[in-house]
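Reader: I have a structure open and would like to go through it piece by piece. Can we start with one of the helices?
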Amino acid sequence: HEEIRPALEAFGGPLVKVQGFTRDVPGLLRQADVHLFPSECEGSAKTVYEACAAGLAQVTTFESGDVVQDGLNGLIVPCNDVEALMAAVRKLYDDPALVRQFRLAARHRAETELTWDHFRERLAAAYRRAGERRRAR
């Protein structure tokens, strides 16, 4: 949003880039190491799935879904806690080895747990359990 541009220019410095709209989300994500998404109420945000598939370490909130597992493939901070967000960013900035660890874990999770095949298996299992419970009544 344009209203944030002055704050980014004033406080972001040369490392902050306002990208704007892109049709090549995977290409853009491949240029990054870390994805920040401190959401207030997304539910299960598509962007965290995309960042996970791109193998990015992430800093996000519980409100953006369950793709990021705190301490495994990223860091989860409390919603609207600027100090916690800053501490998480600083932690990743100061520890490139942790970023690499999170990136590998993110890509592994995307390949093994977040595929359409995995989704279909989980959905089919849920239907089987529901059917078994219904028959048991």
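Author: This is a predicted model, in which local features need pLDDT of at least 70, side-chain atom pairs count only at pLDDT 80 or more, and totals for chains, interfaces and linings use all residues. Residues are numbered from 1 along each chain as its sequence is written, and side-chain values use heavy atoms, with hydrogens and water left out.

Reader: Which residues of α4 are buried?
Author: Ala84, Ala88 and Leu92 are the buried residues of α4. Buried means under 20% relative accessible area, exposed over 50%, and partly exposed in between (1.4 Å probe, protein chains only). Helices (H or I, at least four residues) and strands (E, at least two) are DSSP runs, numbered from the N terminus.

Reader: What do the buried residues of α4 pack against?
Author: They pack against the strands β1 (34–37), β2 (57–61) and β3 (74–77), and also against α5 (96–113). Contact means heavy atoms within 4.5 Å.

Reader: What happens at the start of α4?
Author: A side-chain oxygen of Asp81 comes to within 3.3 Å of the backbone nitrogen of Glu83.

Reader: New topic. How many disulfides are there?
Author: The count is 0. A disulfide is counted as a pair of cysteine sulfur atoms within 2.5 Å.

Reader: Is Cys52 buried or exposed?
Author: Cys52 is buried, with a relative accessible area of 0%. Cys52 sits in helix α3 (residues 46–53). Not counting residues up to four places away in sequence, Cys52 touches Gln58, Val67, Asn73, Ala106, Arg107, Arg109, Ala110 and Leu114.

Reader: Where is Ser64?
Author: Ser64 is in the loop between β2 and β3. Ser64 is buried too, at a relative accessible area of 1%.

Reader: Which side chain makes a polar contact with that of Ser64?
Author: That of Thr60, at 2.4 Å. A polar contact is a pair of N or O atoms within 3.5 Å; within protein, one must be able to donate a hydrogen and the other to accept it, and residues adjacent in sequence count only if both atoms are side-chain atoms. Ser64 also touches other residues, including Phe37, Ser39 and Val48.

Reader: Last one, the whole chain. What pattern does it follow?
Author: Along the sequence the pattern is α-α-β-α-β-β-α-α-α, which comes to 6 helices and 3 strands. The C-alpha trace spans about 65 × 30 × 30 Å along its principal axes. Of the 137 residues in the protein chain, 26% are buried.
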